[in-house]
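Subject: Structure handover and findings

Dear colleague,

Please find below the structure that I am handing over to you. I would be grateful if you kept it open while reading the notes that come after it.

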Amino acid sequence: MSDQTTSEYPSAEFLHSVSLDDYNRVLSNYDKIYDRINIAMALCGVLLLVILSNIDIKAIMDWSNYSNLEKMAISIYSLCAVGSAVLIVIAVIRLLLLSKSKEVLSFDSNSIKTEELYKESVENAALWVTLQYIRVINDIRAKTNEKQRAFNASIVQIIISLLAFVVSMMIYNGGLL
């Protein structure tokens with residue numbers, strides 16, 4: 001028999017670097033959502049300005065001067081134009097709420113001292129750190145997915161608002177009013 005010493009956790013150091021890479025990637029994805037939220041809010045501001053500047057209140061107020069067909073057209077125009085503006089305002093509010101950062105777990109390097117990891121073998125310390133990364137990664141990944149779903153819903157709302165605005169402009173510029 002050979003006199004070999006076996007390590008308790010031989011792949012712990014390798015897994016530590018893999019976990020660290022995954023942690024950095026997941027954290028980067030979380031940060032990118034905030035960039036997209038800021039871009040979407042700026043876009044919403046521009047869209048809201050365009051939509052509000054193109055709503056013809058005078059056409060809506062002259063309701064009594066229209067024929068039945070024109071009243072139907074102005075009703076659809078009003079619904080789409082005002083609805084579009086309302087949807088954009090709601091999207092901005094949702095994006096503002098989404099831009100509020102949630103508390104995410106992070107790796108606390110001070111725990112290395114409190115857990116006295118410096119007294120442990122390299123493999124045991126690497127395993128402990130890897131397990132901490134995995135715990136943090138799972139928390140950030142769940143919060144990233146939640147924010148991404150809410151962001152996607154806001155983007156769909158913005159697109160619906162744009163479509164409503166296009167319909168209102170087609171009615172308005174199409175000569176029905």
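The notes below go from the overall fold to individual residues.

This is a predicted model, in which local features need pLDDT of at least 70 and side-chain atom pairs count only at pLDDT 80 or more, whereas totals for chains, interfaces and linings use all residues. Residues are numbered from 1 along each chain as its sequence is written, and side-chain values use heavy atoms, with hydrogens and water left out.

Overall fold

The protein chain has 5 helices and 0 strands, where helices (H or I, at least four residues) and strands (E, at least two) are DSSP runs numbered from the N terminus. The radius of gyration, taken over C-alpha atoms, is 28 Å, well over the 16 Å that the globule rule gives for 177 residues, so the chain is more spread out than a compact globule. That rule is 2.2 Å times the number of residues to the power 0.38. Along its principal axes, the C-alpha trace spans about 100 × 35 × 20 Å.

Of the 177 residues, 31% count as buried; buried means under 20% relative accessible area, exposed over 50%, and partly exposed in between (1.4 Å probe, protein chains only). Among contacts (heavy atoms within 4.5 Å) between residues at least 6 apart in sequence, 87% join residues at least 24 apart.

Helix H3 and Ala 85

Helix H3 has 32 residues and reaches 46 Å from its first C-alpha to its last, close to the 46 Å expected at 1.5 Å a residue. The expected span is 1.5 Å times one less than the number of residues. The buried residues of H3 include Tyr 77, Cys 80 and Ala 85.

Ala 85 has 8% relative accessibility and therefore counts as buried. Leaving aside residues up to four places away in sequence, Ala 85 touches Leu 48, Ile 51, Leu 52 and Ile 55.

Aromatic pairs

A search of the whole structure finds 3 aromatic pairs. Rings of Phe, Tyr and Trp (its six-membered ring) pair if their centres lie within 6.5 Å; planes under 30 degrees apart count as stacked, over 60 as edge-to-face and the rest as tilted. One of the pairs is formed by Tyr 30 and Tyr 34, which are edge-to-face because their ring centres are 5.4 Å apart and their planes stand at 75°. These two residues are 4 apart in helix H1 (residues 12-54), which separates them by about one helical turn. Tyr 30 is buried at 4% relative accessible area, and Tyr 34 is buried at 15%.

Tyr 77 and Tyr 172 form a stacked pair, 5.3 Å centre to centre with 25° between the planes. Tyr 77 lies in helix H3 and Tyr 172 in helix H5 (residues 122-173), so this pair ties together parts that are 95 residues apart in sequence. Tyr 77 is buried, with 0% relative accessibility, while Tyr 172 is partly exposed at 29%.

Cysteines

The structure holds 0 disulfides, a disulfide being a pair of cysteine sulfur atoms within 2.5 Å. The sulfur of Cys 44 is 18 Å from the closest cysteine sulfur, that of Cys 80, which is too far for a bond. Cys 44 is buried at 0% relative accessible area, and Cys 80 counts as buried at 15%.

With kind regards
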